[in-house]
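Welcome! Please take a moment to look over the model below, and then we can walk through it together.

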Amino acid sequence: MEIRFLKLAGTLATLAFSAVTFASGVSVEGEIESESGFRFPDGSLLNSAASQFDQYANTVVVAKSGGDFSSVQDAVDSITDASSVNKYLVWVAPGGYVGSVVLKPNVDLKGAGPEQTSLSNSDGGTLIQMGDNSELSSLRLYCSSAQDTPSCIGIKVENAPGGALVRDVRVIVNNGIDGAGAEGIRVVPGANAATNLELRNVDVDVITFTGFVETRNAALNSTADTTVDVFDSNLAVFGGDDFNDAVRVRAGGVLNVFNTEISSNSTLATSRAAYINSGAVATFRDSHLVARGATCIVLQTEDAATVS
């Protein structure tokens, strides 16, 4: 991708009729602001636009019009040579896009900001599946399910020994299934490799209709052979009539939490802000754990769990 910007001098704030020009020759019209970046015709702003792309040798753009693709998954599928020394960025312009996405290793997915770019589905299942050495950022994700659809998972991270990063993302999961739980983020290892995930400035809300039974929800569910580091985030579950865990760490998992709000909220169920399974390790620093419900458990640990 080629981005052509004019350097503005003096006190001139904006230059109209400028454009982001892609290698394919198509352009997205807008204004260039001398300090802020690129502003689209709808008023949305891509801050410091050039710096969004300069770390990538390859960029694929998804946009409602004027981009390389109009579908996020089509953009990802077009990438065939991504590697640790040849990373790709799939950048998604402002707008709402429908459909699940499976990322490839060494491919990053970024939007123009959680208030500008959204990805959603309404048929349950996993909305975003991340690959190894990948980043997901500047997006709002909305996953919803109905009674006859699979349970929702907002983000699934699997087989990522080289690490995955989620930052500046808002995740909303609406569980409409009676008898099944939903998860904001699920972290699992691969067949022969651990998974490492870092969350920074991530908001997760998992919501279930009151009156549903056996709905074991989790904002963050990590399993064995995973390490998750959480910074400056909010993880919450609401509703449901069974065990609702804002954070759940299975045996063999490691969780490190810093400056984060964790809350479980249910009027009829057992609410656990954090549930640490036997053999798991969890560390909480400068964080706030809250449980509200018929039975409230702020922190529950099993034998051989390590918590500090």
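This is a predicted model: local features need pLDDT of at least 70, side-chain atom pairs count only at pLDDT 80 or more; totals for chains, interfaces and linings use all residues.

Residues are numbered from 1 along each chain as its sequence is written, and side-chain values use heavy atoms, with hydrogens and water left out.

Let's start with the overall picture. The protein chain has two helices and 25 strands (DSSP runs, numbered from the N terminus: H or I of at least four residues for helices, E of at least two for strands). Of its 308 residues, 50% count as buried, meaning under 20% relative accessible area with a 1.4 Å probe, protein chains only. Among contacts (heavy atoms within 4.5 Å) with a separation of 6 or more, 68% join residues 24 or more positions apart.

Now step inside. The largest nonpolar core holds 65 residues; such a core is a set of buried Ala, Val, Leu, Ile, Met, Phe, Trp, Tyr and Cys residues joined through side-chain atoms within 4.5 Å. Ile 128 is one of the members that touch the most others. Leaving aside residues up to four places away in sequence, Ile 128 touches partners including Leu 109, Leu 136, Leu 141 and Ile 155.

Finally, find Val 92 in strand β6, residues 88–92. Val 92 is buried, with a relative accessible area of 0%. Beyond residues up to four places away in sequence, Val 92 touches Val 62, Val 72, Tyr 97 and Leu 109, among others.
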